[in-house]
Amino acid sequence: FLAPSFLLVVILLISGRILPTAAHSPAIDLSGEPNSLVFTFPIPRAQITRGNDGYDQVRLEGFDLSGAPGDPKLPARTYHIALPPDVIWESVKVDAAQTETTELAGEHAIAPAPPGVTWIKDRQVVVWDKNADSIVDGKNTQVYRNDAYFPSTPLSSVRHGQMRKWRVL
């Protein structure tokens, strides 16, 4: 399952921090959230190719193939959003308010993302991360044996930081 587009809403709960955007979609009523920023991220059409390893690769222009070790290796993209320098992190809420999905025709075998690998002296060290107990034949069984959409939401791993005076989400 892929989301051809999704709408990301950043809501600043502290009054007066940010003026509402005038370019938001009219389908979304943000009147109850006057300090909201709305971003629409169009997702390009999926291209599916069969690799030499026998797995299908889902490619989206401008996206990288990524995933936690053992989880399906799927297209992912990171967005950086600058927020005002005086924003209070506890006042920020992020939500994928609307998504539009398209189901891909047919069945596809999607490769798992590989584990982290490094060498320490003459020994190779493989790191499966948090999924280590669920890995069978390189796949996270909690995902591959589950009859559900993956990922369950197009939004994940929201982090914040600071670059000089700017706060970045």
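**Grounds for the assignments**

Modeller: The protein chain has 1 helix and 14 strands. Please bear in mind that this is a predicted model.

Colleague: Why is N140 called buried?

Modeller: The relative accessible area of N140 is 3%. Buried means under 20%, so N140, at 3%, is assigned to that class. N140 belongs to strand β12. Leaving aside residues up to four places away in sequence, N140 touches G70, D71, N131, S134 and I135.

Colleague: What makes K121 an exposed residue?

Modeller: K121 has 78% relative accessibility. The term exposed requires a value over 50%, and therefore K121 at 78% counts as exposed. K121 is placed in the loop between β9 (116-120) and β10 (123-127).

Colleague: Why is D137 called exposed?

Modeller: The relative accessibility of D137 is 74%. Because the class begins over 50%, D137 at 74% counts as exposed. D137 is found in the loop between β11 (135-136) and β12 (139-140). The backbone of D137 has a positive phi of about 55 degrees, although D137 is not a glycine.

Colleague: What is the phi of K121, and in which hairpin does K121 take it?

Modeller: K121 takes a positive phi near 55 degrees in the hairpin of β9 and β10, which has 2 residues between the strands. K121, too, is not a glycine.

Colleague: How do you know that β9 and β10 are paired?

Modeller: Pairing requires at least two bridges. There are 5 bridges between β9 and β10, in the antiparallel sense, and therefore the two strands count as paired. Within this pairing, G116 stands opposite V127 in β10.

Colleague: What makes β7 and β13 edge strands?

Modeller: The open sheet in question has 3 strands in the order β7-β14-β13, with antiparallel pairing. Its edge strands are β7 (82-83) and β13, each of which pairs on one side only. For β13 and β14 (residues 166-168), 3 bridges are found in the antiparallel sense; as at least two are required, this is a pair. G161 stands opposite V168 in β14.

Colleague: Which peptide bond is cis, and what is its omega?

Modeller: The bond from F150 to P151 is cis, with omega near -10 degrees. P151 lies in the loop between α1 (141-144) and β13 (161-163).

Colleague: How many cavities are counted, and which residues line the largest cavity?

Modeller: The count is 1 cavity of 30 Å³ or more.

Colleague: How does the lining of the largest cavity divide by class?

Modeller: The lining has 4 nonpolar, 1 polar and 3 charged residues.

How values were computed: Residues are numbered from 1 along each chain as its sequence is written. This is a predicted model: local features need pLDDT of at least 70, side-chain atom pairs count only at pLDDT 80 or more; totals for chains, interfaces and linings use all residues. Side-chain values use heavy atoms; hydrogens and water are left out. Helices (H or I, at least four residues) and strands (E, at least two) are DSSP runs, numbered from the N terminus. Buried means under 20% relative accessible area, exposed over 50%, partly exposed in between (1.4 Å probe, protein chains only). On a 1 Å grid over the protein atoms alone, a cavity is a set of points where a 1.4 Å probe fits but cannot get out, and a pocket is an open set with protein on both sides within 12 Å along at least five of seven lines; lining residues have an atom within 4 Å of a point. Grid points are joined across faces, edges and corners, and a volume is the space filled by probe spheres set on the points. Ala, Val, Leu, Ile, Met, Phe, Trp, Tyr, Cys and Pro count as nonpolar, Asp, Glu, Lys and Arg as charged, and the others, Gly among them, as polar. Contact means heavy atoms within 4.5 Å.
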